Amino acid sequence: MLLVRYRRLGQRFFEKMRRLPNFAAPVTFTEKIHWRKIFDDDPRFAVVLDKLRAKDIVSGSLPWLRFPRVLWQGVDARNIPFDELTVPYIVKCSHGCGMNIAVPNPSIVDREAIVARMSENLGETYGAKQMERAYAHIEPRVFVEALVGRDQGYEPVDYKFCVVGGRVAYIIVVAFRSSVKNTAHLDRDWHPLEIVQGELDSTLEIPPPKSLSRMIEAAEALGSQFDMMRVDFYEDEGEPVFGEFTVYPRSGLLQFDPATFDHQLGTRWNIAGSNYLTNPPNRFARLYKRVLVAADHLPG
């Protein structure tokens, strides 16, 4: 029934993964991300996905953890105070991914292009086609953020920590994004994982950041409030810098090779800890939870 009702999600899943998904009783990590999109519209998702409100979450939970300084914010990109921006910066929108333009040299900036791009982004409902519902609850705002990573040419390495059940399950590292996107997959102890993710270049070999232990501490402190959450960081002058939260990693279309990793990661994710099953919102949800328990898909 779910494959019929959510035909577009099922078709896209099959095209990428070459198998039919089980959305009703998910087993793999990628199936559980889709289950989250269909069932778990946790109101907290809209808060952590809002790139501005997420900073408030961080400052309230971990006062010691840095995040990039916000230089300006508003609802109209035409009001961006370009003449006052004298440090390297990046212009972003609060309600989606990929809505950003970096300006490493403030003396060289295409103002018209930035205003046009951000104005277009402000009018979008990000994630609608992928059914990433939480984004629709975010107030679209445009903001300017100071760039970090001066010692890395303002293209800092991106450290992504997938937290499952309150513990880092694996780490994705992305580097050199302006030329070739090189990626590494590692376990919590920084041991390389013998996996490939789709067509991504997974040959990156990189030493651990100086602040790895503090990144893990922060990721687990912030991610433990959810059954699964990805928490991203940069490193600047040896200190961790919070980047963003990710609720729907790659929209649930991670093509792990070998596929057994998808199963292993899915086994660690207990959706019984989701808001939908912890606080069933209606009679159907309560009945559905009982069915999952009876079928041994959830602990009793």
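This is a predicted model: local features need pLDDT of at least 70, side-chain atom pairs count only at pLDDT 80 or more; totals for chains, interfaces and linings use all residues.

Analyst: Residues are numbered from 1 along each chain as its sequence is written, and side-chain values use heavy atoms, with hydrogens and water left out.

User: Where is K160, and is it buried or exposed?

Analyst: K160 belongs to strand 5 (residues 158–164); strands are DSSP runs of E of at least two residues, helices are runs of H or I of at least four, and both are numbered from the N terminus. K160 is buried, at 13% relative accessibility. Buried means under 20% relative accessible area, exposed over 50%, and partly exposed in between, with a 1.4 Å probe and protein chains only.

User: What else does K160 touch?

Analyst: Leaving out residues up to four places away in sequence, K160 touches Y170, I171, I172, V174, R230, V231 and D232. Contact here means heavy atoms within 4.5 Å.

User: Turning to the nonpolar cores, how many residues does the largest have?

Analyst: It has 68 residues, and F29, F161, V173, V231 and F245 have the most contacts inside it. Strand 6 (residues 167–175) supplies the largest share of this core, 8 residues. Another core, of 16 residues, lies apart from it and includes F82, Y89, V91 and V115. A nonpolar core is a set of buried Ala, Val, Leu, Ile, Met, Phe, Trp, Tyr and Cys residues joined through side-chain atoms within 4.5 Å.

User: What about the backbone: which residues other than glycine have a positive phi?

Analyst: Among them are W190, with phi near 70°, and R250, with phi near 50°. W190 is in the loop between strand 7 (182–186) and strand 8 (196–197), and is buried at 9% relative accessible area. R250 is in the loop between strand 10 (239–246) and strand 11.

User: Where is the cis peptide bond that involves P258?

Analyst: It joins D257 and P258, with omega about 10°. P258 lies in the loop between strand 11 (256–257) and helix 8 (260–268).
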